[in-house]
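Keep the sequence and the structure open side by side.

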Amino acid sequence: MTSSPENHRDALTGKVAELLERYNKTGIAVTADTDLSADLDIDSVSAMDLIMEIEDHFDIDIPVNMAADIRKVGDLVAVVEQQLGG
Amino acid sequence: MDIFEKYRGLIARHDRMLEAAGDPFNVCMERLISPTEAIIDGKRTILFGTNNYLGLTFDPHCIEQSAAAVREQGTGTTGSRIANGTYKSHRDLETEIAGYLGKRTALVFSTGYQANLGTLVGLAGPDDIILIDADSHASIYDGCKLTGATVIRFRHNNPADLDKRLARIENKEQVKLVVVEGIYSMFGDMAPIAEFVDVKKRHGAFLMVDEAHSFGVSGDHGRGVAEAEGVEADVDFVVGTFSKSLGAIGGYAASDHPDFDTLRFVSRPYMFTASPSPATAASVRAALECMRDRPELRTRLWENARRIHQGLEALGFETCSPASPIIALRMSDEVAALTAWRRLLDHGIYVNLAVPPGTPNGVCLLRCSVSAAHSNAQIDEILRRFGEVASEILTVADAG
Ligand SMILES: Cc1ncc(COP(=O)(O)O)c(C=O)c1O
């Protein structure tokens with residue numbers, strides 16, 4: 001990709017936010033700072049489903065160990081970025 | 001900050017539950033009458049959620065053997081297997097389990113939960129990759145955590161998804177261990193183990209199967225789903241429990257791997273806990289004999305399961321899988337499930353209430369389990385009483 005790392009990350013955040021829409025019941029604006037549990041009310045069970053959708057979409061694995069540390073959308077994007085990097 | 005602060009949300013949810021239905025997770029069996037009946041809240045209640053698949057908890061032979069062992073060997077071993085806690089009875093039990101399963105080596109653990117912890121942590125370490133079914137039991141998740149391995153979940157009962165994930169990590173040299181169960185504890189659905197065997201062979205991975213709910217239940221000899229599917233030799237590690245079909249407590253792990261005994265000096269959940277009591281070891285051996293010599297128990301179990309499954313569906317309940325000794329009824333939400341659970345208990349039927357996060361996909365269930373010891377009269381009663389509350393339960397479910 002020719003875009004800068006920042007653009008790349010913004011694009012990833014946009015895509016992840018899109019995948020999150022289904023969980024965004026109150027229709028808040030999803031940013032890197034959005035907390036999955038506190039702001040979107042995603043519980044541990046839904047979080048596992050969400051992770052699987054993201055894995056499928058990007059064709060990556062997000063190991064349970066890494067998923068445990070994800071609190072905010074930004075954390076999730078960082079993990080996706082890392083796993084895409086191989 | 002208070003140490004329990006992190007649980008405020010859960011405590012509030014629990015309090016709401018208490019108010020609505022009493023405590024579904026703290027039911028007291030005041031007196032046991034038989035494998036299928038007990039006094040609860042002073043009332044005679046049919047037990048329809050106990051995992052007592054073969055109904056052996058009151059089997060005279062098991063009780064006699066167990067009582068004799070207490071008299072001869074005492075009430076407890078007061079030590080771990082690596083210290084003073086290995087009795088001849090543990091060795092004999094391990095030999096018998098290995099023989100029954102046709103595996104080279106078997107190890108006995110103090111619970112089924114520890115059998116999973118101990119096997120996983122004995123097999124895998126921080127440099128390895130474990131791939132587990134998304135709906136795995138808590139003991140598998142917890143065991144994985146203990147290993148420090150990279151843990152990847154694949155979609156429930158989906159060999160194609162496992163295949164895809166193994167392909168993704170194809171070029172990694174790490175050891176890969178795949179973990180599935182035989183029959184899943186919540187829905188009672190069966191793993192396609194033969195297909196998983198194909199996948200794991202193709203990718204050079206190891207396969208561990210937890211037959212907790214299928215030991216004594218599936219296969220011509222009750223050795224589990226791998227036996228039923230004819231692929232036992234390709235299962236590298238098999239784990240199981242004594243707490244369900246065998247009516248006792250404890251667990252086992254067995255394998256043909258020549259180094260499997262290594263677990264005895266590397267697996268902490270095996271090493272640092274007291275060994276099963278002599279009474280337990282004795283009743284398990286007796287129960288294994290029953291399992292071997294009385295195949296009609298298994299026939300009866302499945303007849304009962306099919307009859308009840310059919311009966312409950314006819315009443316309008318939504319089941320979660322084809323007939324098996326675990327029959328899960330889907331409820332619309334937690335309130336509906338709680339209400340239904342309470343109504344059934346008031347009508348003298350005990351089932352398990354299962355709600356998230358203990359259930360797959362966040363569903364709320366009435367989890368029923370069938371026993372070979374349920375008599376025809378009891379099954380009639382179970383169906384009659386479910387029928388009595390059905391209109392009420394199902395209305396609640398629809399309203400939700
Ligand atoms: C799939 C599975 N594995 C392991 C266990 C643990 O067994 P135990 O109750 O003997 O500790 C259970 C049940 O509790 C289970 O459902």
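Contact here means heavy atoms within 4.5 Å. The model is a predicted one.

Start with helix H1 of chain A, residues 5–20. This helix has 16 residues. From its first C-alpha to its last, H1(A) reaches 22 Å, close to the 22 Å expected at 1.5 Å a residue.

Now look at its side chains. In H1(A), A:Leu12, A:Thr13, A:Val16, A:Ala17, A:Leu19 and A:Leu20 are buried. These residues lie on the same side of H1(A), because they cover an arc of only 155 degrees around the axis. The general rule is that an α-helix has 3.6 residues a turn, so residues three or four places apart point the same way. On the other side of H1(A) sit A:Asp10, A:Ala11 and A:Glu18, which are exposed.

What covers the buried residues of H1(A)? The cover includes H2 and helix H4 (73–84), both of chain A.

Move on to the second largest pocket. Its volume is about 590 Å³. Which elements give two or more residues to its lining? They are helix H2 (44–58) of chain A and helix H1 (8–21) of chain B. H2(A) provides the largest share, five residues.

In total, 19 residues line the second largest pocket. Nearest its centre lie A:Asp41, A:Ile42, A:Asp43, A:Ser44 and A:Ser46. By class, the lining has eight charged, six nonpolar and five polar residues.

Definitions and conventions
Residues are numbered from 1 along each chain as its sequence is written. Chains are lettered from A and ligands numbered from 1 in the order in which they are written. This is a predicted model: local features need pLDDT of at least 70, side-chain atom pairs count only at pLDDT 80 or more; totals for chains, interfaces and linings use all residues. Side-chain values use heavy atoms; hydrogens and water are left out. On a 1 Å grid over the protein atoms alone, a cavity is a set of points where a 1.4 Å probe fits but cannot get out, and a pocket is an open set with protein on both sides within 12 Å along at least five of seven lines; lining residues have an atom within 4 Å of a point. Grid points are joined across faces, edges and corners, and a volume is the space filled by probe spheres set on the points. Helices (H or I, at least four residues) and strands (E, at least two) are DSSP runs, numbered from the N terminus. Ala, Val, Leu, Ile, Met, Phe, Trp, Tyr, Cys and Pro count as nonpolar, Asp, Glu, Lys and Arg as charged, and the others, Gly among them, as polar. The expected span of a helix is 1.5 Å times one less than its number of residues. Buried means under 20% relative accessible area, exposed over 50%, partly exposed in between (1.4 Å probe, protein chains only). The arc is that of the directions from the helix axis to the C-beta atoms.
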